2 protein chains.
Amino acid sequence: MNRTCYTGEVSKAHLDQTVTLFGWVHRRRDHGGVIFIDLRDRAGLAQVVVDPDNEAAFETAERIRNEYCLRITGLVRLRPAGTTNPDLLSGEVEILCREIEILNASVTPPFQLDDDNLSETTRLTHRVLDLRRPQMQRNLMLRYRVSLVARNYLDALGFIDIETPMLTRSTPEGARDYLVPSRVNPGEFFALPQSPQLFKQMLMVSGFDRYYQITKCFRDEDLRADRQPEFTQIDCETSFLDEVQIREIFEGMVREIYRQVLDVALPDPFPVMGWEEAMRRFGSDKPDLRVKLEFTDVADLMRDVGFKVFAGPANDPACRVVALRVPGGASMPRSEIDAYTQFVGIYGARGLAYIKVNDAASIPDGLQSPIVKNIHADALRALIERTGAQSGDLIFFGADRAKVVADAIGALRVKIGQSEFGRANGLFEPGWKPLWVVDFPMFEYDEGEGRYTAAHHPFTCPKPGHEDLLETDPGKALARAYDMVMNGWEVGGGSERIHRADVQRKVFKALKIDEEEARLKFGFLLDALQYGAPPHGGLAFGLDRLVTLMAGAESIRDVIAFPKTQRAQCLLTQAPSAVDEKQLRELHIRLRQTEAK
Amino acid sequence: MNRTCYTGEVSKAHLDQTVTLFGWVHRRRDHGGVIFIDLRDRAGLAQVVVDPDNEAAFETAERIRNEYCLRITGLVRLRPAGTTNPDLLSGEVEILCREIEILNASVTPPFQLDDDNLSETTRLTHRVLDLRRPQMQRNLMLRYRVSLVARNYLDALGFIDIETPMLTRSTPEGARDYLVPSRVNPGEFFALPQSPQLFKQMLMVSGFDRYYQITKCFRDEDLRADRQPEFTQIDCETSFLDEVQIREIFEGMVREIYRQVLDVALPDPFPVMGWEEAMRRFGSDKPDLRVKLEFTDVADLMRDVGFKVFAGPANDPACRVVALRVPGGASMPRSEIDAYTQFVGIYGARGLAYIKVNDAASIPDGLQSPIVKNIHADALRALIERTGAQSGDLIFFGADRAKVVADAIGALRVKIGQSEFGRANGLFEPGWKPLWVVDFPMFEYDEGEGRYTAAHHPFTCPKPGHEDLLETDPGKALARAYDMVMNGWEVGGGSERIHRADVQRKVFKALKIDEEEARLKFGFLLDALQYGAPPHGGLAFGLDRLVTLMAGAESIRDVIAFPKTQRAQCLLTQAPSAVDEKQLRELHIRLRQTEAK
């Protein structure tokens with residue numbers, strides 16, 4: 001017998017029709033001698049009424065328990081007045097059951113599907129049941145629709161999906177590779193791709209012009225809340241376009257995704273901000289623009305104050321002294337300030353100085369803070385003026401190495417903005433705030449390794465006119481790179497690539513990758529660039545993150561069907577697992593003695 | 001400057017318009033003081049004319065060599081009469097060059113792109129250039145369009161794309177796994193998926209109802225011409241439909257793919273044939289129906305003949321004696337017959353008996369063969385009658401264990417049909433011949449292991465009424481499995497799955513997988529089946545094979561951008577490769593002494 005429609009789609013449009021539905025028993029209630037079944041499928045719930053008059057059906061219904069799988073045939077009728085459920089599409093109707101078939105019974109589930117307080121361990125161990133929960137069904141449907149809209153958008157612009165290898169070459173530059181021992185080539189290993197970067201560049205050299213792929217990437221890193229060993233990128237590349245044109249195409253894609261999937265109109269165009277400005281105003285290269293708080297640099301005001309915690313950094317060019325004015329913050333209780341002090345400690349700050357501005361017109365008496373007595377009145381006056389602080393405000397300070405200030409006060413800015421206080425005091429503007437961040441530095445100096453490393457990756461093109469800086473002053477060279485930021489999350493990033501072998505060699509040199517190493521690791525790319533490589537660029541979106549954000553989920557694990565835990569395990573299948581000695585022998589490897597018995 | 005259109009798309013529609021094109025120099029010719037450039041991009045070629053009047057452009061054009069990457073702006077005009085090229089969309093027009101910009105130079109390529117005799121080693125080593133060849137561009141475009149049509153078709157029917165893990169658990173049942181050592185869990189390994197089979201079944205149990213995924217699968221097998229370590233499946237699963245409904249959906253998908261991509265109308269519906277009939281008539285479970293030759297079983301006629309080579313197998317129930325009548329085959333030269341005799345040897349046949357039917361009415365004198373004298377006239381007469389042989393025909397014989405006969409004479413059938421002789425004699429009907437093969441046996445007996453193994457996989461549902469055979473006579477049990485065959489290639493296969501834990505246990509038992517082993521390897525599936533698992537089934541298409549067939553390519557390597565060789569190596573990137581000792585140490589493995597130094 002064929003299904004008429006999804007259970008969750010039964011509505012007034014089906015009134016007086018006989019429908020056949022397949023689904024699961026979400027709940028069964030006996031009420032006044034009648035059995036009510038909430039039947040559930042991927043589209044939602046519908047109420048089935050089994051009348052005792054229908055003896056066969058009623059007898060079957062009496063045996064039914066939660067999560068039984070059923071076929072139900074019945075007549076759609078209006079629910080009695082006062083019993084409609086406006087939360088359901090089917091909420092105005094019910095199905096008077098004519099026939100029930102139990103397609104499969106269920107043992108009692110280990111938890112109630114509508115229990116919202118399940119531990120993640122329980123959920124991941126019983127993932128098959130966890131995925132039945134309407135929220136998880138919605139999340140994965142939303143994920144599908146996001147990828148579908150992206151595909152259709154890209155197809156219409158001539159992008160074609162080309163698959164690149166999963167078994168690739170290990171290139172230890174970058175994150176840690178997952179390795180795959182080769183059976184046929186003893187002692188050799190494939191690596192799972194950290195991204196299709198080099199392959200997509202080679203496809204551009206091959207003349208495919210516009211490429212995309214929604215594909216798995218792999219990084220064997222220590223896992224954080226928003227990381228998985230395998231994750232999915234919408235990976236794109238195009239030839240012959242500059243970064244402005246590329247940004248236009250891909251912000252268009254994200255706008256289209258939001259429009260079709262969430263019915264949200266994102267700004268057109270997205271705002272664009274230089275990396276330097278983002279770091280200066282927000283201490284972050286992915287600022288959450290929903291938060292209405294900004295840094296004010298005040299090092300120049302603090303050079304001659306008695307408060308060494310400020311004066312020291314103020315006189316050190318590697319440091320910053322910034323003020324973060326919090327409008328209305330003077331009312332913040334001491335306990336909250338203490339909590340923030342602890343919080344910035346996570347980011348390496350050794351304390352959190354603050355001034356409560358009780359009366360902005362009366363300096364220094366109107367300012368309340370342990371540090372005020374060590375800062376002369378001129379500095380205080382200039383501070384109040386420059387931050388624009390009003391009576392009733394609070395000013396936090398960061399004074400440390402520039403990176404510590406950016407990380408600590410940048411995180412504090414977001415924390416305060418998103419807090420209850422922030423929301424109540426208009427410091428947080430809900431909604432969607434996309435932003436392009438551009439003009440990144442080419443390189444970051446790695447103190448540990450004593451050399452520059454690529455800020456994006458070593459195939460990123462320097463800005464026009466910055467090629468010479470690669471040799472003379474690498475730290476000053478800017479890149480033709482762009483990150484797409486949404487509400488403080490980096491959802492995508494990319495760059496115009498180097499398409500000339502001589503420029504690529506210069507970048508390798510700046511990164512202290514010598515000719516031999518470059519040839520060994522990236523010889524195939526340098527080769528490819530010799531044969532009339534076109535100007536090209538592209539970007540990659542983190543699909544997991546984008547969907548997490550759009551779904552309002554707490555973790556990317558909530559938008560992945562079968563994710564790994566933070567110990568990189570699958571609790572459902574118990575992967576990874578021990579394997580047979582025979583398998584290891586075939587792969588020409590053995591376990592290390594220290595770990596293996 | 002923006003591109004007006006692809007180079008290969010310039011046509012009479014652009015007449016008298018100024019166009020801007022990006023592309024590569026396919027060929028440059030100097031002719032009568034004028035320079036002609038065949039400019040190439042992914043859409044094709046167009047002819048650019050550079051006149052010496054335009055000094056700047058002409059000076060640039062003189063420096064141009066093959067595979068330079070150019071931007072060209074010019075006026076579209078008609079080619080002079082008599083110089084049009086009907087093979088090109090742009091063949092009636094040419095572009096009078098106004099401006100040339102060299103976007104990137106090229107060193108001399110290691111081969112001519114239009115050389116059709118390149119070795120595969122050359123092509124794979126220089127894959128980036130090889131992919132510029134128009135044929136490879138067409139193949140990958142066709143591949144993209146196939147996957148796009150499949151996606152759109154499935155989307156319209158409510159199938160949703162859900163990603164399943166690449167890092168999964170090793171289940172040694174089946175082919176050899178690729179393993180990935182875990183760094184976080186010492187001594188443990190992930191496996192790359194051989195298919196998403198169990199995950200898609202669990203998604204059905206989770207209620208997603210209709211799933212698909214175009215995804216990579218991995219098998220570490222010894223490679224043959226049509227195998228790759230990683231390959232791509234269009235993997236599908238649906239709940240609540242029986243195998244007839246499932247076949248209808250998926251033959252519809254393939255019909256739609258052929259219609260949209262090749263403009264070919266496949267039959268509606270596809271013919272369906274039982275496995276037993278396919279083996280009986282064609283000796284193959286994937287018969288090429290373009291070949292108009294069939295087996296005739298003649299064991300019953302040969303039981304009492306003097307020719308032991310026939311009489312022996314004719315009296316052995318594990319053997320078959322079949323005749324393959326080749327209309328017109330009596331004219332086949334001896335050398336061709338000898339070649340076929342060698343050919344069937346590959347499949348284990350110890351010889352190839354034949355009879356030339358010079359005069360079908362005169363028995364035995366009209367029959368020419370070394371074996372005729374040892375077969376009595378009654379048998380010969382019955383043979384001629386049953387095979388329907390006419391004067392001028394040839395009859396080949398297979399007499400051996402049933403599998404050897406099927407393999408050898410089945411392959412011979414295809415070989416003859418596809419040969420020049422077969423094509424010339426109407427034994428081969430060109431075109432597209434799809435077929436569903438159904439009613440497969442559940443199990444095959446593995447002599448080596450002394451147990452039954454799953455013919456499809458151990459999750460395949462037995463036919464209704466065959467459940468008891470699982471215990472009483474497993475060899476007789478038929479499966480609700482179906483393979484889609486196209487022109488002799490298995491392009492897809494699937495089955496109705498087991499959705500009840502008790503039936504799944506019976507199948508494991510028939511496979512001699514004991515309770516403990518079943519729980520260890522497939523416990524998560526048995527668990528899932530307990531919670532109201534719906535009836536479900538699906539199938540998987542081999543995308544590489546389907547596209548190879550549709551593209552008329554010689555190898556699946558011609559429809560994969562970056563394939564591996566038959567030694568599982570990537571000649572472009574030199575993967576697999578040796579890795580650092582540090583990487584191995586982090587993964588808690590070491591190389592075996594015998595191989596490592």
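## Crossing of α5 and α15 in chain B

In this predicted model, helix α5(B) passes α15(B) in a left-handed crossing, meaning that the near helix is turned anticlockwise from the far one by less than a right angle. The axes of α5 (residues 197-205) and α15 (residues 515-529) of chain B come within 10 Å and cross at roughly 20°. The two helices are therefore roughly parallel to each other, a term for angles under 35 degrees. Helices are DSSP runs (H or I) of at least four residues, strands (E) of at least two, numbered from the N terminus.

In the contact (heavy atoms within 4.5 Å), L198(B), Q201(B), M202(B) and V205(B) of α5(B) meet F522(B), F524(B), L525(B) and A528(B) of α15(B). By class, this contact has 7 nonpolar, 1 polar and no charged residues.

## Interface of chains A and B

Chain B and chain A each give 123 residues to their contact. The area buried between them is about 10,900 Å², with 57% from carbon and sulfur atoms; buried area is the accessible area (1.4 Å probe) lost on being put together, summed over both parts.

Across this interface there are 12 salt bridges, each a side-chain nitrogen of Lys or Arg within 4 Å of a carboxyl oxygen of Asp or Glu. R3(B) forms a salt bridge with D209(A), the closest N and O atoms being 2.6 Å apart.

## Cis peptide bond in chain B

The peptide bond between I363(B) and P364(B) is cis, with omega about 10°. P364(B) lies in the loop between β14 (354-357) and β15 (367-368) of chain B.

## Basis of the values

Local features need pLDDT of at least 70 and side-chain atom pairs 80 or more, whereas totals for chains, interfaces and linings use all residues; side-chain values use heavy atoms, without hydrogens and water. Residues are numbered from 1 along each chain as its sequence is written, and chains are lettered from A and ligands numbered from 1 in the order in which they are written.

Conventions
Axes fitted to C-alpha atoms, helices over the stretch in contact; angles between N-to-C directions. Parallel < 35°, antiparallel > 145°, perpendicular 65-115°, else oblique. Nonpolar A, V, L, I, M, F, W, Y, C, P; charged D, E, K, R; others polar. Buried area = accessible area lost by both parts, 1.4 Å probe.
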